[in-house]
Amino acid sequence: MAFEIPQDLHPDLMPLAWLLGRWEGRGHGDYPTIEKFEFGQQIDFTHNGKPYLHYVSQTFVVGEDGTRERPLAVETGFWRPQPDNKLEVILAHPTGIAEIWYGDIDGAKIELQTDVVARTTSAKEVTAGHRLYGLVNGELLWAYDMAAEGQSLQPHLWATLIRS
């Protein structure tokens, strides 16, 4: 699918322009405290002319026929490019977790690390994260390493998405 950079895109967003649009696909999850699982995912990166992207990720259980059966996780936030190919990301989760991430933009690769993980008293204990996003042969590949529930930072989620 051809991709065109919107004419009203804020100039500061040019390093992130490749993320714009809706991405859909499948992913996998694993962690010492849970069973391995597969999921469907939809990520939307949108803009409104200001110097940030609005980000929404939704994951869901997928039936054998590929239909969405029930929701899993949602996260939303803002991706804010900074000078010298730096990136700030603010994410919120309905499970009571809010995160601030810092990272680097290197062409069609983004690497992020948590700086702050804040949680409500009812949220699970998440203490750190590392994320990697990349555009490879037109597909958005991403991986998320997590430290939580007394476990050290280790692989948790990964997916391959295509622009829809």
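## Reading residues around the annotated site

Modeller: Start with histidine 130, which counts as buried because its relative accessibility is 15%. Buried means under 20% relative accessible area, exposed over 50%, partly exposed in between (1.4 Å probe, protein chains only).

Biologist: What should I know about the model itself?

Modeller: This is a predicted model: local features need pLDDT of at least 70, side-chain atom pairs count only at pLDDT 80 or more, and totals for chains, interfaces and linings use all residues. Residues are numbered from 1 along each chain as its sequence is written, and side-chain values use heavy atoms, leaving out hydrogens and water.

Biologist: Which side chain does histidine 130 join in a polar contact?

Modeller: A polar contact is a pair of N or O atoms within 3.5 Å; within protein, one must be able to donate a hydrogen and the other to accept it, and residues adjacent in sequence count only if both atoms are side-chain atoms. Here the partner of histidine 130 is glutamate 111, at 2.6 Å.

Biologist: Which residues does UniProt list for "binding site"?

Modeller: UniProt positions use the numbering here, feature names are shortened, and annotations may be inferred rather than shown by experiment. The unreviewed entry lists Thr33, Lys124 and His156.

Biologist: Is histidine 156 buried or exposed?

Modeller: Buried, because its relative accessibility is 7%. Lysine 124 counts as partly exposed, at 44%.

Biologist: What does lysine 124 touch?

Modeller: Contact means heavy atoms within 4.5 Å. Leaving aside residues up to four places away in sequence, lysine 124 touches Ile97, Arg119, Met146 and Glu149. With the same exclusion, histidine 156 has contacts including His28, Asp30 and Met146.
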